[in-house]
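Colleague: Could you walk me through this one? I have not looked at it before.

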Amino acid sequence: MANIKSSKKRIDIAKRNTARNKARKSEIKTLVKRFDEAIEANDLDKAKEYFKKADKRLKQAEAKNVMHKNKVARTSSRMAKALNKVEA
């Protein structure tokens with residue numbers, strides 16, 4: 001355990017940020033999973049809705065440095081590709 005006051009504060013801040021980032025990642029994973037389920041069920045309306053929500057959250061996570069930009073791009077691209085395949 002740290003002895004310096006500023007170090008103790010940084011530990012608390014790191015815990016808080018870790019919890020926030022974990023919640024954001026979990027939300028994104030849930031949205032992507034629901035998108036995949038909608039694609040499997042050929043439910044185009046729900047798939048579009050989840051794609052829009054997930055894409056927005058992915059971009060926010062990228063902006064906040066929660067997720068790497070390449071992972072965000074790869075995930076969005078895969079989702080868009082799957083959506084286009086169902087639409088066609």
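**Helix packing**

Modeller: Helix H1 (5-40) and helix H2 (44-63) are what the buried residues of H3 pack against. Helices here are DSSP runs of H or I with at least four residues, strands are runs of E with at least two, and they are numbered from the N terminus. This is a predicted model, in which local features need pLDDT of at least 70 and side-chain atom pairs count only at pLDDT 80 or more, while totals for chains, interfaces and linings use all residues. Residues are numbered from 1 along each chain as its sequence is written, and side-chain values use heavy atoms, leaving out hydrogens and water.

Colleague: Which residues of H3 are buried?

Modeller: They are Val72, Thr75, Ser76, Met79 and Leu83, where buried means under 20% relative accessible area, exposed over 50% and partly exposed in between, with a 1.4 Å probe and protein chains only. Seen down the axis of H3, they fall within an arc of 95°, so they line one face of the helix; the arc is taken from the directions from the helix axis to the C-beta atoms.

Colleague: And what is exposed on the other side of H3?

Modeller: Arg78, Lys81 and Lys85 are exposed there.

Colleague: What is threonine 75 in contact with, beyond its neighbours within four places in sequence?

Modeller: Threonine 75 is in contact with Val32 and Leu58, contact meaning heavy atoms within 4.5 Å. Its relative accessible area is 17%.

Colleague: New topic: are phenylalanine 35 and phenylalanine 51 buried or exposed?

Modeller: Both phenylalanine 35 and phenylalanine 51 are buried.
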